[in-house]
Amino acid sequence: MTQKPIHVVGGGLAGSEAAWQIAQRGLNVVLHEMRPQRKTDAHKSDGLAELVCSNSFRSDDAENNAVGLLHEELRNAGSLIMKSADANKVPAGSALAVDRDGFSNSVQAALEEHPNVEIRREEVSGIPPQEWGKVILATGPLTSPSLSEDILRVTGEDSLAFFDAIAPIIHTDSINMDVAWFQSRYDKVGPGGNGKDYINCPLDKEQYEAFIDALISGEKTDFKEWEQNTPYFDGCLPIEVMAERGRETLRHGPMKPMGLTNAHQPDIKAYAVVQLRQDNALGTLYNMVGFQTKLKYGAQSEILKMIPGLENAQFARLGGLHRNTFLNSPKVLDETLRLKAAPHIRFAGQITGCEGYVESTAIGCMTGIFAAHEALEKSFDIPPVTSACGALIEHITGGHLVHEESGKPRSFQPMNINFGLLPPLDEMPKAEDGKRLRGKDKSRAKKQAMARRGLEDFKAWMSDKSI
């Protein structure tokens, strides 16, 4: 090959997958991994693709689950990570869980044995210069301080590493609109709004007091040792911390009822109100305003369903607060994940604003394909947004609402893959007798139809001669 090698920085899931996709297309790739030269606070070994948290890749059900759909798309793309996971799986019901050491060893052996891959154990402490040619940065949530500082310098962003305050996000069609209603506070029309920009869920005094009790007594997650010294943002306190500071704190903060009239019971004043705001351009997801939390997931789901209107809520993402490193990707990356300020650089993995092993792998896979085709001067496009891979890229680069005046993305936050990121079906499935489905049957049929559509569209994209 006469082309310059493509450099991939970071030997985690995303970096390993990107390197594999490039090498499989006949191009030379240099994979840079700073361990063991520089260790992190979370890794325990020097192995490539080490799993630092859970050993689970979550659901492997490609018919009913968006994560399972993503698994199947990656298998269709020839993913090294999925091949290694399948070869090292351990019993976990419908989930895909792996033997950690066997999985990491499998990934590392495949890359070490590939004739087009060179692995360099060294730290890349800054944005690589243009002379390097094409580069993929896949350094994850534990990006080294020196590289983080250089990324900030190039992107011009105000912050990169911090405690990431995440509010729960709910599938819109699971909200009970017989209880909740649309209204902006004081019917105020904001930029691009119509005075009905929020979904409001009312609580009376008894419901509010029970909710506060549950928040205070609910089981919380602890900070990891390496997170201990990173402080909260003043404006992003967890709701349970606010509740502990005084029983009325939330009612005078994110749950204040002022300026809101219950459309179902206009003569009854709510004691407190939970507001939800549209989270994606499709309108399929709404986030709970000001509801970042450190409650454990089980307690969180149970407690939040105490809120009237959310008793049957389906969560696309539960809330959290943790140290994370990610870009304001809709602002700084183009649709093929190139850095607008330095187009020879692509980003992959968690640093782009996706969450989870499989999601990081998927973005690594896509950047590897994009970079290889660009180097080979082959035309290419991004996968269709109806697919799980395409929906993730859309979420990262352009699926968010923006402020009309500034043009900046509004509250971009990392996200796991879920069906709420995919566009709605053109036509809802019906029962065999032609009647409308309801309840769980409707939800199941909808997910299955979206999964079939996504996988078919992704396979068509992969089979295109340009791919």
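The model is predicted, so local features need pLDDT of at least 70 and side-chain atom pairs count only at pLDDT 80 or more, whereas totals for chains, interfaces and linings use all residues. Residues are numbered from 1 along each chain as its sequence is written, and side-chain values use heavy atoms, with hydrogens and water left out. Helices (H or I, at least four residues) and strands (E, at least two) are DSSP runs, numbered from the N terminus.

**Helix α2 and its partners**

- The axes of helix α2 (residues 66–76) and helix α12 (residues 439–463) come within 10 Å and cross at roughly 15 degrees. Axes are lines fitted to C-alpha atoms, for helices over the stretch in contact, and angles run from 0 to 180 degrees between N-to-C directions.
- α2 and α12 are therefore roughly parallel to each other. Angles under 35 degrees count as roughly parallel, over 145 as roughly antiparallel, 65 to 115 as roughly perpendicular and the rest as oblique.
- The crossing of α2 and α12 is right-handed. A crossing is right-handed if the near helix is turned clockwise from the far one by less than a right angle, and left-handed if anticlockwise.
- On the α2 side, L69, E72, E73 and N76 meet A451, G454, L455, F458, K459 and M462 of α12; contact means heavy atoms within 4.5 Å.
- By class, this contact of α2 with α12 has five nonpolar, two polar and three charged residues. Ala, Val, Leu, Ile, Met, Phe, Trp, Tyr, Cys and Pro count as nonpolar, Asp, Glu, Lys and Arg as charged, and the others, Gly among them, as polar.
- The axes of α2 and helix α10 (residues 357–375) also come within 10 Å, crossing at roughly 35 degrees, and this crossing is left-handed.
- Here V67, L70, H71 and L74 of α2 meet V358, E359, T361, A362 and C365 of α10. The contact of α2 with α10 has six nonpolar, two polar and one charged residues.

**Helices α1 and α4**

- Helix α1 (residues 13–24) and helix α4 (residues 100–113) have axes that come within 10 Å and cross at roughly 30 degrees, in a left-handed crossing.
- L13, S16, A19 and W20 of α1 make the contact with F103, V107, A110 and L111 of α4. By class, seven residues are nonpolar, one is polar and none is charged.

**The two sheets**

- Two strands pair if DSSP finds at least two bridges between them.
- Within it, β12 (residues 272–278) and β13 (residues 285–288) pair in the antiparallel sense over three bridges, and L276 stands opposite M288 in β13.
- Another open sheet of six strands has the order β6-β2-β1-β7-β17-β16, with mixed pairing.
- Four bridges join the parallel strands β1 (residues 6–9) and β2 (residues 29–33), where H7 stands opposite V30.

**Residue D334**

- D334 lies in the loop between α9 (329–332) and β16 (338–339).
- The side chain of D334 makes a polar contact with the side chain of R338 at 2.8 Å. A polar contact is a pair of N or O atoms within 3.5 Å; within protein, one must be able to donate a hydrogen and the other to accept it, and residues adjacent in sequence count only if both atoms are side-chain atoms.
- Leaving aside neighbours within four places in sequence, D334 is in contact with K340 and T397.
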